[in-house]
Amino acid sequence: MPVQRILSGMRPTGRLHIGHLSVLENWIELQKDNQCFFFAADWHALTTAFEHTAGIKDNVREMIADWLAVGLDPEKSVIFVQSDVPETAELHLLFSMIIPLGWLERVPTYKDQVQQFKQQGRDIMTYGFLGYPVLQAADILLYRADAVPVGEDQLPHLELCRELARRFNHLYRPIFPEPQAKLSRVAVLPGVDGRKMSKSYANDIGLMAGLDEIRGRVNAMITDPARIRKTDPGHPEVCVVHKYHGIYTGHRLAEIEEDCRAGRVGCVACKKLLVESLEAVLAPLRERRRQITSRSGYVEEVLAEGARRARAEAVKTMAMVREAMQI
């Protein structure tokens, strides 16, 4: 299979949780045989938190340290911060001149998110929020990415990027590839209360959580409400703990499920086993992160080198764009 250029990023909005782990593991697999660019999307963080900017720089550093601890390799992947490549803003500006307004207004998540934030008493009806898919397209097309790892909910955004690439190529000159979606199986973990995992719900388990936090969060997990006594037959399909076992104790899942249905194992013992499984996964990550952060200036060195390599590609692209547009 030919080497592809892959582009993806995350917004630095706070600590990562274990729901991000499967995404990062997918990135690590992709970096083995592809040319990968992974970035901290600090400008994207402004679209919904423009009034709270004080923590963004610290969040970037913490997030990158997590990436490195999980296994992203700066020798194999270009790891950088979005705002360290000013060409991103230039391409975003040029794209904003040619994209029809209707394309942005029909993005499925736009009105939904505006309404959700309005219910929270927040107004995000800004140009930046309406235009963030244009910035997203600039992120992708600036590096002439062949593919973008996405979930199904992000497909409309990627399709808009592809449409924008086609429009530019038609108006001026073919420069941009039409990036393909790289759909991957990403484990969707609920929060400990069964809702979507989110820091704002305080129902997440931190990616670098210590044993005490893991135990506290697991003990708070919702189990089968119909099961009163340990010997009552359980219904694992309605239990949050069982969903986690499916990912982190998969080699024993059939046994766990059978014992639960037969009333041979209680919820307390089931949770204890899950704590052990999660600790086995997260303890090595914590140790690697400790080693990374103990190296003074290492994260900054990774980002500086990543910015240098990213800008080298960005400069090439923008030279072609300016020539095509005759500006």
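Which residue has its backbone nitrogen 3.3 Å from a polar atom of the side chain of Gln82? That residue is His44.

## Basis of the report

This is a predicted model, in which local features need pLDDT of at least 70 and side-chain atom pairs count only at pLDDT 80 or more, while totals for chains, interfaces and linings use all residues. Residues are numbered from 1 along each chain as its sequence is written, and side-chain values use heavy atoms, with hydrogens and water left out.

Gln82 occupies the loop between strand E3 (77-81) and helix H4 (87-98). Helices (H or I, at least four residues) and strands (E, at least two) are DSSP runs numbered from the N terminus. Gln82 counts as buried because its relative accessibility is 1%; buried means under 20% relative accessible area (1.4 Å probe, protein chains only).

Besides His44, the side chain of Gln82 reaches the backbone nitrogen of Asp42, at 3.4 Å. Beyond its neighbours within four places in sequence, Gln82 is in contact (heavy atoms within 4.5 Å) with residues including Phe39, Trp43, Thr88, Leu135 and Asp139.

## The second largest pocket

Asp42 also belongs to the lining of the second largest pocket, as do Val81 and Ser83 among others. A pocket is an open set of points on a 1 Å grid where a 1.4 Å probe fits, with protein on both sides within 12 Å along at least five of seven lines; lining residues have an atom within 4 Å of a point.

Helix H3 (56-70) and helix H14 (298-325) each give two or more residues to this lining, and H3 gives the most, with 5 residues.

How values were computed:
Buried means under 20% relative accessible area, exposed over 50%, partly exposed in between (1.4 Å probe, protein chains only). A polar contact is a pair of N or O atoms within 3.5 Å; within protein, one must be able to donate a hydrogen and the other to accept it, and residues adjacent in sequence count only if both atoms are side-chain atoms.
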